[in-house]
Amino acid sequence: MIIHLDLDCFFASCERLRNPSLIGKRLVVGGRGDPFIFDKKPAQAKKLVTLNSGAFVPSLFHAPHDSSHYFNDGDKIRGIVTTASYEARAFGVKTGMSIYEALRLCPDLILVPPNHLLYHTLSHELMEYLATVVPVMEQYSIDEMFGDLRGWIEENETENFIKYLQEQISKEFKLPVSIGASTSKWIAKLATSTAKPYGVRVVPKKEIEAFVKPIPIDEFPGVGKAFSAKMNHYGIKTVGDAWKSETLITSWGRAGQDLYARLTGRDNESVSPSRSRKGIGMSRSMDHPVKERKELFRRICVMVRHWSHTIMKLGVNPTTYAFSLGYENWGSSKKQYTTYRLFNEPFIQHFAHEKFKELDLYPHIPIRYISMSATKFIHHDPKTFNILEYDNDTKMRSLTDALTQMREKYGMDIVRGGSEL
């Protein structure tokens, strides 16, 4: 069988490991996307965290935060709930909710700023342990993993094994985890959601139809908003309804066929020990939209430095870049570009600056959102690059390598560009 592990309230559980007095309390770990990366005062302790890889495991920059001021912005409370403990959820506090709204629902809520280095470290250590007891493991996100027990544990022993695994994780790591198991990855993931908190659930092949039949279609893993809306249009409200609509769903092309296979537990998707990274992106939403263009491009320069460091640290060479600006109450401007250059920081700083200037179609409207992403990686083969720029790019690449090593050792802000000051 295939198993799916989901660490319960992971960030909150990690914080309770560090501070046991938080156990049993109404706790929220929250985050803010904007203010700290753009500080002009250097934060030399900031480091890139790339311990884990998975479908939903981003590369993150970590710097220690002062918890007493982290959520304060003058007389306003800023931030978004990243993880809420079950004690807080009882008051209606949910992931994605603003901290302001969470405090309105639960005034005595304890707010904790994120410690991404701690979370990544514990997730990485857990994956290393799991690899010693399960033959094939896949990191799906920082708090979710898949494992393949086929040929290792007999199906009738699955429940005993995952209970043992749950107990060992609790004993060795002091982390609560829920585990689901089935013959399909996505049915196993669904089984986990019905087992939370701190439970186990096994769904044998013969019980899959009865198990999924009453589940709302939009709660099934992998059914996005588009498919959910499409199915609702045809009166498909539950997974059971979808089972009866094979001809319709499979007529929607390959995506529909793959989805129907998942819904019925016939997808045969394997547990993948390693997932190749498809793209590297970075975005920031502004607490206060930025009108002054000099400040906007200073912030873009700061973001590109961090983005470039991520790309260099991961050792990839992108060829396609996408940039986007979101205006205050005025939509967005976005475009994608392809260029075959040996990646280096001076190149991407200049390239991004020029492309964002082109994108800024409404220079008198404040900017609320900046986004950049890099995809379509190629090998560092001279024959694939722009020959006219290759010699200079090679020199700049060596310089960027040196900058990457310095920032890894002394912190991200040890070397900054003049445009950031």
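Is Asn268 buried or exposed? In this predicted model, Asn268 is exposed, because its relative accessible area is 70%.

## Two asparagines with positive phi

Asn268 sits in the loop that runs between helix α11 and strand β13, the latter covering residues 279–290. Its phi is near 55 degrees, which is a positive value in a residue other than glycine.

Asn329 also has a positive phi, of about 55 degrees, although Asn329 is not a glycine. This residue is found in the loop between strand β14 (residues 318–327) and strand β15 (residues 332–338), and with a relative accessibility of 72% Asn329 counts as exposed.

Helix α6 spans residues 185–195, and Lys185 lies in it. Although lysine carries a charged side chain by class, Lys185 is buried here, with a relative accessible area of 1%. The side chain of Lys185 makes a polar contact with the side chain of Glu138, at 3.0 Å, and the side chain of Lys185 also reaches the backbone oxygen of Ser270, at 3.3 Å.

A cis peptide bond, with omega at about 0 degrees, joins Lys196 to Pro197. Pro197 belongs to the loop between helix α6 and strand β12, where β12 covers residues 200–203.

## The packing of α12 and α14

Two packed helices are described by the angle between their axes and the distance between the axes. Helix α12 (residues 293–314) packs with helix α14 (residues 387–410) at an angle of about 100 degrees, and their axes are 10 Å apart. Because angles from 65 to 115 degrees count as roughly perpendicular, α12 is described as roughly perpendicular to α14.

On the side of α12, the contact is made by Arg305, Ser308, His309, Met312 and Lys313, while α14 contributes Arg397, Thr400, Asp401, Thr404, Arg407 and Glu408. Sorted by class, the contact of α12 with α14 has six charged residues, four polar residues and one nonpolar residue.

## Aromatic pairs and a cluster

A search of the whole structure finds 23 aromatic pairs. In one of them, the rings of Phe11 and Tyr119 have their centres 4.1 Å apart and their planes at 15 degrees, so the pair is stacked. Phe11 lies in helix α1 (residues 10–18) and Tyr119 in helix α4 (residues 116–133), so the pair ties together parts that are 108 residues apart in sequence. Phe11 is buried, with a relative accessible area of 10%, and Tyr119, at 0% relative accessibility, counts as buried as well.

Tyr234 and Trp252 form an aromatic pair that is tilted, with 6.0 Å from centre to centre and 40 degrees between the planes. This pair links distant parts of the chain, 18 residues apart: Tyr234 is in the loop between α8 (225–233) and α9 (239–243), and Trp252 is in the loop between α10 (246–250) and α11 (253–263). Tyr234 is partly exposed, with a relative accessible area of 47%, whereas Trp252 counts as buried at 16% relative accessibility. Elsewhere, Trp307, Tyr321, Phe323, Tyr337, Phe347, Phe351 and Phe356 form one aromatic cluster.

Terms used:
Residues numbered from 1 in each chain as written. Predicted model: local features only at pLDDT ≥ 70, side-chain atom pairs only at ≥ 80, totals over all residues. Heavy atoms only, no water. Axes fitted to C-alpha atoms, helices over the stretch in contact; angles between N-to-C directions. Helix = DSSP H or I, 4+ residues; strand = E, 2+ residues; numbered from the N terminus. Parallel < 35°, antiparallel > 145°, perpendicular 65-115°, else oblique. Contact = heavy atoms within 4.5 Å. Buried < 20%, exposed > 50% of the residue type's maximum accessible area, 1.4 Å probe, protein only. Polar contact = N/O pair within 3.5 Å; in protein donor to acceptor, adjacent residues only side chain to side chain. Phe/Tyr/Trp six-rings, centres within 6.5 Å; stacked < 30°, edge-to-face > 60°.
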